[in-house]
Amino acid sequence: RDMTGARIFTTDGTRIAFNFLRKDSRSDKTTSHLAVVDAVGGVPTVYSVSGSEYEPRWSPDARTTSSTP
């Protein structure tokens with residue numbers, strides 16, 4: 001996995017949203033996914049539907065994320 005693009009912190013600084021690239025070795029296709037991780041570290045939770053999510057953003061209350069399809 002390659003992290004790419006911006007890493008966006010919540011307003012309280014506790015979580016980070018980012019996108020990463022995943023390459024399928026069989027099809028040679030690269031897809032972009034959205035993930036969230038605690039700022040202190042840990043295992044990211046992937047929030048990806050289409051495999052073409054870019055530019056993560058937090059909602060104003062920092063409860064949810066969205067991305068540019």
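These legends describe close-up views of a predicted model.

Local features need pLDDT of at least 70, side-chain atom pairs count only at pLDDT 80 or more, and totals for chains, interfaces and linings use all residues. Residues are numbered from 1 along each chain as its sequence is written, and side-chain values use heavy atoms, with hydrogens and water left out.

**View A. The aromatic pair of Phe18 and Phe20.** The structure holds one aromatic pair. Its partners are Phe18 and Phe20, with ring centres 6.3 Å apart and planes at 50°. That geometry is tilted. Rings of Phe, Tyr and Trp (its six-membered ring) pair if their centres lie within 6.5 Å; planes under 30 degrees apart are stacked, over 60 edge-to-face, and the rest tilted. Phe18 and Phe20 are both buried. Buried means under 20% relative accessible area, exposed over 50%, and partly exposed in between (1.4 Å probe, protein chains only).

**View B. Asn19 and its contact with Ser32.** Asn19 belongs to strand 2, residues 15-23. Helices (H or I, at least four residues) and strands (E, at least two) are DSSP runs, numbered from the N terminus. Asn19 counts as buried because its relative accessibility is 4%. Its side chain makes a polar contact of 3.2 Å with the side chain of Ser32. A polar contact is a pair of N or O atoms within 3.5 Å; within protein, one must be able to donate a hydrogen and the other to accept it, and residues adjacent in sequence count only if both atoms are side-chain atoms.

**View C. The salt bridge of Lys23 and Asp28.** The count comes to one salt bridge, defined as a side-chain nitrogen of Lys or Arg within 4 Å of a carboxyl oxygen of Asp or Glu. Lys23 pairs with Asp28, and their closest N and O atoms are 3.0 Å apart. Both residues are exposed. For Asp28, the relative accessibility is 54%. Asp28 sits in the loop between strand 2 and strand 3 (30-38). Its phi is near 65°, a positive value in a residue other than glycine.

**View D. Ala62, a loop residue with positive phi.** Ala62 lies between strand 5 (54-58) and strand 6 (65-68). Phi is near 60° here, and the residue is not glycine. Ala62 is buried because its relative accessible area is 8%.

**View E. Pro56 in strand 5.** Pro56 is buried, at 5% relative accessible area. Its C-alpha atom is 9.5 Å from that of Val36. Along the chain, Pro56 and Val36 are 20 residues apart.
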